[in-house]
Every structure is written in C-alpha cells, then in structure tokens.
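Hi everyone, thanks for making time this morning. I'd like to walk you through one structure, a piece at a time.

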Amino acid sequence: MVLPSPGLDSALTRGLPARFRDLENLAKKNPSHLNIVLCRSPSAEVAQEAFELGVWPLSKQTARKLWEIMAAQCEGFVVLVIALPASDYSTTGRGHYLGYGAAICPANTEEMGGVGSTFPEGCKVHWIVKETEVPYSAAGGLVNTLNNNYRIELTRDGFEVDVENGMKLLQILSPRFEARDARRSEAGEDPGFSSLRFFYAVADEVKTICGPVTTRFPSSTTTSTTPSGPTDTPTEDGLAGTWCGQPDDTFDSIGFSGNTLAVLYNGEVYYMQYYWESNMIYTYGADPVREAEASVEFSALQLSYFVSNISIHLGGDYIGTYKREGICGPLPGIEGVKPPTVATVSYTTWCLDDGSELPPFEIRFTESYMTLHILSSDYFYGWENLVLPAKYWISSSDIRLSDQDNGFKNFPELAQGKFALVYHGSWLTLIRQEDVT
C-alpha cells in the first residue's frame, strides 16, 4: 500500500469536522483546505458494513488517486461522498447518495473487516452523514466543473468534485439542514420561518416541463333501476371527460378526470375532488378562496349519476342536468387526462407558476421520492438548492406524501409538508391539508 505523507494522520485526525457547518466554515475561509471526492459503492450491503466499521473499501486505482489527494492536503480535509448507482447502470440520473465523511488514513486488514475480503485497500473514515438515501435527482441541477460540467453523479469513482458544487451536494445530504438553522439562530432569528408570510390560498399551481401522460383504470359497474332511470355505481372511466349543461343550468359544463371534478362557471374553471356512495357523488377539497370569489360553495354540491346524464343539487336546490351530448368545449386539465402512474411521473421536473406569491421552487420525482427544491436564496439567507425529500404514493389523481424530511417542519407556508399534489396532465396543483392520509 502506498501511504500518504507522514504528516497526514496528525493533520486529519485533529479537530475532525462533526457536521456540515464545520466544513462550510472551512470552505468559506479557504476553499483550498477542502477536497471532495466521489466514491461509488458496489452495493447497498457494502456501504452499510463500511458505515458500521468506519472505513471505505477502495480498488487499487481509486486508492492511488485518493492517497495522492490526501498527501497534497496537509492543512484541511478530504471528504468522501458515497454514491450508489442504479443496479442496471442503464440510465443516468438513477441512483442514490448514501452519505459522506472525512477521510483519515489508510485502514489495515483488521479494520476493514468483511469488506476487506474483496477490496485490496481501504481508508478509515469519520462519517458525518451515513445511511441516508437521497436520490440523484435531488442534486440534478449540480454539475462538476472538474469533469466537463457533467452532472455530479457522472463523476468517476475516486475523482474530485469542485468545492463550490460539492458543498451544495453536502448541504443537500445534511440532515435537517442544521447549518442553516444554526446560522439563523446565531443571528437571533427564528429557524422555523414563522416570521415569513406568503399569500397561499390552499392551492398553488405548479406547472410542468413535460407533456400529459396516459394510463387506464379497470372498469366495473353494478346496475339498478330507479324511477329516474337506470343508475350505475360510477367508475372513474365511466365519468371521465366533459358533460355539457343546458342554457338555463348554473354551470356551463362539468368534467371528471381520476378523482378530480371541474366545473365551468361564468367563464372560470373551478377544481375539486370527489367520491361516490351508490350513485351519489360528493365533493371535497375545493379552494375556499376561489369559492368566496365565485360566491359558490362547491363543497356543498351533490351529483346524481344516471348513466347518460348527471343532475346536480347545490345546498338542496336543483341547478342543472348535464349530458355527454351538447355544445361545450373540453375543460383544461380534464379532457383526455388520465390519472398518473409511478412510471409516468418518475424523473420529471415541475416548476412553480410565475404568478404565485411563494418563493420559487421546483418539484421533482423519482420512482420512490418527491423532492421539493427551494431556489430562492433571498428567503433562506444565502442558501441555494435547498432540497426536501419525501416518499410518495399515488391514489387516482392524487400524489400523496409519507416519510417527509424533518426540514418540512420549517415551512408553515407549505403546511409543514402536509399537502397533496393533484395531477392535471400539464400541471399539478399543490393542496395544503391538515391531515393527508
């Protein structure tokens, strides 16, 4: 094994960084005192054992590069960032970052434990963040200027990442963004952002850069007959599309997509969710601000489904009957829009509507995670690319969250992560909810 310089061990074991903030302060004082190296893990199991042992296994080629970097870094630290590519290596952008830590010195065979049986060399590591699982897409906007400005995840095993973008990546991987909160606390400010106020009326639109997607739900019906005509228990497929009103009806038309109901009223389209019991359809999730603007309580709508027509009552008063035939145009976000699947939302990016009063942000999806990317440093005191991950699951048109990052608790403007996303094909609507189940 080629050893680093004799002064390396004492330099790198004295005053080891304990958290991201320590590295951030070092990078600000003198960026040359920090090197950030990407290391690729062959499997999640190898990474898990290495985290437990406080080491990282290295091939001979990677070890040689790392010892050279460490030998040249006599006053600061060399940070290893662990990446786990997708198992099939077939698609860029698929994989996860697992953690990072400060390299200390070469590890001997005993220290390497079980992982040393398949790797010729290894490095002792002081892990700062470990056993995390942040998708590559969470840092999809970061490039490595030392590698032709390719995305960071394309950096080869054992090669360096430029300090500026590397620090942004470490920030993303750091739990609860403790450096940001600590800095705000030192300034005498509330790290919970309770002093910030935004105009946020339950729903804000988030537009996509991708086109509509399609899928199909299975259909099943049960039929009965009433004095009003034949009725079916509705299905999403049976309701899907636009239904036209008559000249004297309150609404010009209504439409269904997934579990979303839209009504056209006085030239404006209003969206809400719905469910059914027998042939009765009930609404919920309407925007109260838009209800006030329209002077219509959409949450009080009751619809009766009679296969070929739908009659609507509002607060007990009949307001119209709607049919497939008639003269009415398709409703945006409804006509031709099918509920999403994991396959169709994965690896898409959605951008905040310019008309929103909220700070600019993006929403991105992988196969398992939704990530919220805050893009405005003005709101977060110099921080950029703030990313909050959460797992998601799809229920008809709804994209709902679970296992939200603790950082969501800092955002009362986003209901501390208690929100759902409603899919409309070419845009999403973010709906704050007190309890998303």
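This is a predicted model: local features need pLDDT of at least 70, side-chain atom pairs count only at pLDDT 80 or more; totals for chains, interfaces and linings use all residues.

Residues are numbered from 1 along each chain as its sequence is written, and side-chain values use heavy atoms, with hydrogens and water left out.

A word on names: helices (H or I, at least four residues) and strands (E, at least two) are DSSP runs, numbered from the N terminus. Strands pair if DSSP finds at least two bridges between them. Strand β14 covers residues 253-257, and 5 bridges join it to the antiparallel strand β15, residues 260-265. Within that pairing, Phe 256 has Leu 261 as its bridge partner. β14 also pairs with β13, again antiparallel, over 4 bridges, and there Thr 242 is partnered by Gly 255.

How many residues of β14 are buried? The count is 5 of 5, where buried means under 20% relative accessible area, exposed over 50% and partly exposed in between, with a 1.4 Å probe and protein chains only. In a regular strand, side chains alternate between the two faces of the sheet. Here both faces are covered: Ser 253, Gly 255 and Ser 257 are buried on one side, Ile 254 and Phe 256 on the other.

Now the aromatics. The structure holds 15 aromatic pairs; rings of Phe, Tyr and Trp (its six-membered ring) pair if their centres lie within 6.5 Å, and planes under 30 degrees apart count as stacked, over 60 as edge-to-face and the rest as tilted. Trp 243 and Tyr 305 have ring centres 6.3 Å apart and planes at 75 degrees, so this pair is edge-to-face. The two residues are 62 apart in the chain, with Trp 243 in β13 and Tyr 305 in β18. Trp 243 is buried at 0% relative accessibility, and Tyr 305 is buried at 5%. Tyr 271 and Trp 427 also make an edge-to-face pair, at 5.9 Å and 80 degrees, linking β16 to β27 across 156 residues. Ring pairs also link Phe 251, Tyr 265, Tyr 270 and Phe 298 into a cluster.

Next, helix α3, residues 44-53. Its buried residues are Val 46, Ala 47, Ala 50 and Phe 51.

Finally, the cores, meaning sets of buried Ala, Val, Leu, Ile, Met, Phe, Trp, Tyr and Cys residues joined through side-chain atoms within 4.5 Å. The largest nonpolar core has 29 residues, and Leu 34, Tyr 100 and Met 167 are among those that touch the most other members. Helix α6 gives the most to this core, with 6 residues. Leaving aside residues up to four places away in sequence, Met 167 touches Phe 20, Leu 23, Glu 24, Ala 27, Leu 34 and Ile 36, contact being heavy atoms within 4.5 Å. A second, separate core of 26 residues includes Trp 67 and Val 115.
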